[in-house]
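Subject: Structure for your study

Dear colleague,

Please find below the structure that I am handing over to you. I would ask you to look through it once before reading my notes.

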Amino acid sequence: MEKLDQRYLYLMGFIGAALVSLYGGLYEDLWYIWLGGIIVALIFVFITFPHVWMYSFWFAGMYALCIFGGIMIFALGRENTLILIGGIAVEIGAYYVMYVIWWKTIKLRDSSADEYYTPLGLWSIALMSFFLISNLSVLTWSQWAIESRTIMRYVFSEGVLILLLGYLLWVPETFSWEPLIVPMIQGEEKIMTAVPVEDICSVCGTEFKMERGFCPSCGSPRVFRWCPVCEQYSFRCENCKEFNLVGEKKCRSCKTALPEGVHCRSCGEITHLDKWKIEKVTRS
Ligand SMILES: [Zn+2]
Ligand SMILES: [Zn+2]
Ligand SMILES: [Zn+2]
């Protein structure tokens, strides 16, 4: 529980430092606040997102391309068609970076999934919004610079971008909390316990060793839980989520018939355990 609270505090630290930097960036003589804010925000990125901090470079790249493309389109391209076309090309590059972030996150999610996937619908919408608001931000900035309109729109869109970035990094970071994240998806409060109940063999009470298996028919990864005392793998009943050792015919909890193999969520195939390629994973 303590660890989880700390994570939220660090996240607030990142958002706070980024907002301070945004404020400093508005005034020429406050450049040291702008720079200091960026440095502190980066330090918080490393602390808050120890597994996915490198994603922030992808986001920075996407943002920079949106800025360059936006300036070329909205400001310089007004009189020059060639610059306008160049700006559109840069925007396509930014779109590609967004696609790379999306693809990497899906892969990361899949490699930490078991019977339950973290849904990424809302996260994908947030990613699209980040792309769109980055462009909107350039538009409001160029309006401010060229037509001396109000700066508030620019400050507002940048503030939204900072909040979005916090969320966009937070979600993939939670994948490395597995299996802590699983009870959270189910809306249970078990996430607050030091050793998650979900991570314990329902036969002998021993903590599982986490491994990762690859589907023999489609190659998708899924989580395998090995009980070192029962010396057997354990899988969730897809009806009631209770763990059952391999070989059991009916769920110990709800008596639903269990499949005679391992179910792949990606392709739907149920294949015998022996056919899965299994590797050990070190949990962080
Ligand atoms: Zn056991
Ligand atoms: Zn069951
Ligand atoms: Zn499969």
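Predicted model: local features only at pLDDT ≥ 70, side-chain atom pairs only at ≥ 80, totals over all residues.

**The cores**

The largest nonpolar core holds 30 residues, and the members that touch the most other members are Phe14, Phe59, Met62, Cys66, Phe130 and Phe131. At least two residues of this core come from each of the helices H1 (2-24), H2 (31-48), H3 (55-75), H4 (81-111), H5 (121-147) and H6 (152-175). As background, nonpolar side chains in soluble globular proteins tend to be buried together.

Helix H2 has 18 residues and reaches 25 Å from its first C-alpha to its last, close to the expected 26 Å. Its buried residues are Gly37, Ala41, Phe44, Val45 and Thr48. Viewed down the axis of H2, these buried residues fall within an arc of 105°, so they line one face of the helix. Trp31, Tyr32 and Ile39 lie on the other side of H2 and are exposed.

Helix H6 has 24 residues and spans 36 Å between its first and last C-alpha, close to the 34 Å expected at 1.5 Å a residue. In H6, the buried residues are Tyr154, Glu158, Leu161, Leu165, Leu168, Leu169 and Pro172.

**The sheet**

Five strands form an open sheet with antiparallel pairing, in the order E4-E3-E2-E1-E7. Strands E4 (243-245) and E7 (277-280) are the edges, each pairing on one side only. On average, neighbouring strands of this sheet are turned by 40° against each other, direction ignored.

The pairings can be followed one by one:

- Strand E1 (residues 209-214) pairs with E2 in the antiparallel sense over six bridges, and Gly213 stands opposite Arg222 in E2.
- E1 and E2 form a hairpin with six residues between them, and Gly219 in the turn has a positive phi of about 85°.
- E1 also pairs with E7, in the antiparallel sense and over four bridges; here the bridge partner of Gly213 is Ile278 in E7.
- Strand E2 (residues 221-227) and strand E3 (residues 232-236) are antiparallel partners over three bridges, with Cys227 bridged to Gln232 in E3.

Most residues other than glycine have a negative phi. Which loop holds Glu231? Glu231 is found in the loop between E2 and E3. Although Glu231 is not a glycine, its phi is positive, at about 50°. Glu231 counts as exposed because it has 8 C-beta neighbours inside 10 Å, and a residue is exposed if that number is 12 or fewer.

Lys255 lies in the loop between E4 and strand E5 (262-263). The phi of Lys255 is near 65°, a positive value in a residue other than glycine. Lys255 is exposed, with 12 other C-beta atoms within 10 Å.

With kind regards,

A colleague

How values were computed: Residues numbered from 1 in each chain as written. Chains lettered and ligands numbered in written order. Core = buried A, V, L, I, M, F, W, Y, C linked by C-beta atoms within 7 Å. Buried ≥ 20, exposed ≤ 12 C-beta atoms within 10 Å, placed from the backbone. Pairing = 2+ DSSP bridges. Axes fitted to C-alpha atoms, helices over the stretch in contact; angles between N-to-C directions. Expected span 1.5 Å × (residues − 1). Arc of directions from axis to C-beta.
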